Amino acid sequence: MHPTRKAALSAIALLAVATAGCEPGAASTSSHPSSAEPGCPTALARARQAVKKAEAVDAPWKGPTTGPKAAGHGKSVVFIAHDLSNPGPAGVARGVQEAATLLRWSARTLNGQGTPAGYRSAFKKALALKPDGIAIAGFDPGSIADEIKQATAAGIPVVGWHAAPAPGPDGSPELFSNVTTRVEDVAKISADWIIAHSGGRAGVVLFTDATVPFAKHKSDLIKKELATCSDVKLLSYRNMPIPEVNKRAIGEVRSLLARYGDKWTYSAAINDLYFRHTAAALRAAGKDGADAPFNIGAGDGDPSAFQRVNGERFQAATVPEPLTEQGWQIVDEFNRAFAGKPASGYVPQVHITTAANSGGALSWDSEGYRQVYRKIWGK
């Protein structure tokens, strides 16, 4: 068992004793009195059950256990990130580098700069390098459809990360596989956490990046799930593209506080990056980092997000992607493509991290994946 997760189990046990028989809305960190009856008892009960399951620790490895041995030394892959200021793709890039180094492959990371023009430029640069495989992370493959066709024609498999609406192979344009949790699962559990944590009564601000179809789809699903509870009100649905968050966060938070004040009790965002930048504005407004608005990031789970969650500093929860593990999965998908085998089909399960179950850790990955992949690859 991971040592931090042993601590997490103890923390969860203590939390269970402390809150036994209480409504989530009665907790000291909730903005809603325990006497308030929710308008969605059925949705609330279902959300509590889902959240309890997702907060469990010591997740066992449920990925592939068989596959082709590692391709020979000298393979090369290029990883193109949506924007390296986005900690999600940056974390996956590190996992790719780690796994590639083990296999004695070369791995290079390029920055897409968060724009279609940047993606096209990076992909053309990748093609010029004549690699054995190209990965794209966090942006719509439709924006580089012609370039992907060139790669396919040259026999270069393209693997995505958060690039298509669903995990696995995708054909428009062709991806050998898209590595991701199911966006439906991530969105649903993020909204369910708000419903459960608030006791079914919340005023929510939802942040998205409408320039990225995957991100917009995720936030639309969060909105849909929040609507299953009549006393959870969506106050504002804000489009703030990821490359602009740093510049716009303070102004957006000031505007929201001026308009909604204490009615704003919860936030969800399509990833944790938003709360890195809104924290300063909330602090400047005199908000307590451990109090409302309670914020949940629907994805990524980079170390800075874990630090905010662990320290109760303007982020209460994250739905972390197993970023390093997914980097290893990308390398495994390439290895399957090089061997002429189908994609693995593996989809990680969703997890919720809070201060109560993190055990002080700064990342989330399934147990034992490195050992399994090494065994598959013969390394």
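Predicted model: local features only at pLDDT ≥ 70, side-chain atom pairs only at ≥ 80, totals over all residues.
Local features rest on residues with pLDDT of at least 70 and side-chain atom pairs on pLDDT 80 or more, while totals for chains, interfaces and linings use all residues. Residue numbers start from 1 along each chain as its sequence is written, and side-chain values are based on heavy atoms, with hydrogens and water left out.

Over residues 77-341 the chain is 45% helix and 21% strand, with the end C-alpha atoms 18 Å apart. Helices (H or I, at least four residues) and strands (E, at least two) are DSSP runs numbered from the N terminus.

Two helix pairs are described next. The axes of helix 8 (residues 245-260) and helix 9 come within 8 Å and cross at roughly 55°; axes are lines fitted to C-alpha atoms, for helices over the stretch in contact, and angles run from 0 to 180 degrees between N-to-C directions. Helix 8 and helix 9 are therefore oblique to each other, given that angles under 35 degrees count as roughly parallel, over 145 as roughly antiparallel, 65 to 115 as roughly perpendicular and the rest as oblique. Their crossing is right-handed, a term used if the near helix is turned clockwise from the far one by less than a right angle, and left-handed if anticlockwise. On the helix 8 side, V245, N246, A249, I250, V253 and L257 meet L273, Y274, H277, T278, A281 and L282 of helix 9, where contact means heavy atoms within 4.5 Å. This contact has nine nonpolar, three polar and no charged residues. Here Ala, Val, Leu, Ile, Met, Phe, Trp, Tyr, Cys and Pro count as nonpolar, Asp, Glu, Lys and Arg as charged, and the others, Gly among them, as polar.

Helix 11 (residues 323-338) and helix 12 (residues 369-377) have axes that come within 11 Å and cross at roughly 15°, which makes helix 11 roughly parallel to helix 12. The crossing of this pair is left-handed. Residues in the contact include W328 and R336 of helix 11 and Y373 and W377 of helix 12. By class, the contact has six nonpolar, three polar and five charged residues.

Turning to the backbone, most residues other than glycine have a negative phi, and most peptide bonds are trans. A cis peptide bond joins S172 and P173, with omega about -10°, and P173 sits in the loop between strand 5 (168-171) and strand 6 (174-179). A cis bond also joins A292 and P293, where omega is about 0°; P293 belongs to the loop between helix 9 (273-284) and strand 10 (294-297).

Positive phi values occur at R104, near 60°, and at F314, near 65°. R104, in the loop between helix 3 (87-103) and strand 2 (106-111), is exposed at 58% relative accessible area. F314, in the loop between helix 10 (303-310) and strand 11 (317-318), is buried at 5%. Buried means under 20% relative accessible area, exposed over 50%, and partly exposed in between (1.4 Å probe, protein chains only).

Finally, I156 lies in the loop between helix 5 (145-153) and strand 4 (158-161) and is buried, with a relative accessible area of 9%. Leaving aside neighbours within four places in sequence, I156 contacts L127, P131, D132, G133, I134 and A151. The C-alpha atoms of I156 and K130 are separated by 8.4 Å, although the two are 26 residues apart along the chain.
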